[in-house]
Amino acid sequence: MLNFGSRMYARIYATLLACIVLSVLLFGYLHFWIAPPRHMPRNASMAVIVLLVMIAVVIAAGAYPVVRRITRRLENLQSSVQAWGRGDLSARVQVQGRDEVAQLAASFNDSAARIEALVGAQKSLLANASHELRSPLARIRMAVELLQDTAGPAIRQELARNISELDQLIDEVLLASRLDAVPLEGAMREDVDFTGIVAEECARAGAVLDGVAQTLQGDATLLRRMVRNLLENARRHGGDADVSVVLASTSGGTLLEVCDRGPGVPAAERERIFEPFYRLPGASEKAGSVGLGLSLVRQIARRHGGEVECLPNGEHGACFRVTLPSGGQPSA
């Protein structure tokens with residue numbers, strides 16, 4: 001009895017064998033009924049060519065349905081694997097048949113389901129842990145307030161800085177986990193006065209704005225967070241120099257540039273700085289960065305169908321350019 005792993009091979013071999021038998025029968029029919037042996041010497045070459053062509057046609061016609069059915073299922077499997085690789089962890093393959101392709105599809109579905117469950121559990125754990133950390137953090141902040149009269153200024157300043165950094169880290173981890181948990185189709189969509197948001201955040205950060213009126217479709221809270229993170233990053237690394245902000249219209253939508261006059265970002269690091277918890281070599285933790293700000297900027301920009309990139313600002317400094325489509329539709 002054939003085992004599960006050899007059924008597809010048996011089907012292909014049986015199909016080819018049937019095609020060969022049919023070709024032999026066709027050859028015999030043509031040889032003995034249409035072209036008797038006494039006539040073969042006269043047109044033997046033409047008869048052989050015709051027979052070979054007919055045999056090839058018969059084999060191809062008989063094998064095509066089997067091969068096409070297999071390749072079609074492989075194409076469906078490839079499409080699902082590509083969708084899963086792009087981040088759609090819910091992508092599955094329809095299992096058809098009982099051969100090796102079906103076994104591979106079933107194995108992919110099982111593996112994808114397990115990984116989706118693990119990623120979901122990890123996201124849930126991260127969000128819950130970040131939320132639960134707020135209670136002890138509030139108690140620590142209250143205790144520090146009570147120590148104001150007994151602790152020295154340096155200790156109070158260091159404690160305040162650490163609490164502020166921890167609070168920012170929890171806030172950004174919570175936001176990152178929520179962005180991962182909420183699907184793009186469930187994201188909030190409303191008309192947003194993007195110019196107003198940028199102007200308010202520039203006034204808060206003391207940045208110089210040169211912009212035009214822009215309205216987007218998206219989540220106002222997330223867009224404000226994106227702008228604030230860019231301004232805080234520019235202020236943190238730009239020293240005492242002014243931060244310049246440009247808001248302009250493009251043929252495809254809206255362009256936002258936030259430029260500083262700091263030390264700049266090396267070309268080899270301009271993509272890596274968008275990775276979570278990545279800091280430039282030599283960056284000090286006392287600068288106040290927790291390593292998630294720029295990662296969130298990219299997440300928010302892509303969630304609105306846009307992109308962000310880091311560019312040089314002349315000889316000194318860096319420019320972060322965000323491009324957003326006018327409709328704010330999420331990327332595929």
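In what order do the five strands of the open sheet stand? The order is β2-β4-β5-β7-β6, and the pairing is mixed. The model is predicted.

**The protein overall**

The protein holds eight helices and seven strands. It has 332 residues, and 33% of them count as buried. Take the contacts between residues at least 6 apart in sequence: 69% of them join residues at least 24 apart.

**The sheet**

Five strands make up the open sheet. Its edges are β2 (208-211) and β6 (307-312), and each of these pairs on one side only. On average, neighbouring strands are turned by 15 degrees against each other, direction ignored.

Strands β2 and β4 run parallel and are joined by four bridges. Here valine 208 stands opposite serine 244 in β4. Strand β4 (residues 244-249) pairs with β5 (residues 253-259) in the antiparallel sense, over six bridges. Valine 246 faces glutamate 257 of β5 across this pairing. A hairpin of three residues links β4 to β5.

**Helices on the sheet**

Which strands does helix α6 lie across? Helix α6 (residues 194-205) lies across β2, β4, β5 and β7 (318-325). Its direction is at about 175 degrees to β4. Helix α8 (residues 293-303) also packs on the sheet, where it touches β6 and β7. The direction of α8 makes about 130 degrees with that of β6.

**Helix against helix**

Helix α7 (residues 220-237) crosses α6. There is also a crossing of α7 with α8. The table sets out the geometry.

| Helix pair | Axes come within | Crossing angle | Handedness |
|---|---|---|---|
| α6 and α7 | 10 Å | roughly 35 degrees | right-handed |
| α7 and α8 | 9 Å | roughly 145 degrees | left-handed |

Which residues of α6 meet α7? On the α6 side they are Phe194, Ile197, Val198, Glu200, Glu201, Cys202, Arg204 and Ala205. Their partners in α7 include Ala220, Leu223, Arg224, Met226 and Val227. Leu231, Glu232 and Arg235 are also among the α7 residues in this contact. By class, the contact of α6 with α7 has 10 nonpolar, no polar and seven charged residues.

The crossing of α7 and α8 is left-handed. Leu222, Leu223, Arg225, Met226, Asn229, Leu230 and Asn233 of α7 make this contact. From α8 come Gly293, Leu294, Leu296, Val297, Ile300, Ala301 and Arg303. The contact of α7 with α8 divides into nine nonpolar, three polar and two charged residues.

Two α7 residues link the descriptions. Leu223 and Met226 of α7 meet α6, and both also take part in the contact with α8.

Notes
Residues numbered from 1 in each chain as written. Predicted model: local features only at pLDDT ≥ 70, side-chain atom pairs only at ≥ 80, totals over all residues. Heavy atoms only, no water. Pairing = 2+ DSSP bridges. Axes fitted to C-alpha atoms, helices over the stretch in contact; angles between N-to-C directions. Contact = heavy atoms within 4.5 Å. Left-handed = near helix turned anticlockwise from the far one by under 90°. Nonpolar A, V, L, I, M, F, W, Y, C, P; charged D, E, K, R; others polar. Buried < 20%, exposed > 50% of the residue type's maximum accessible area, 1.4 Å probe, protein only.
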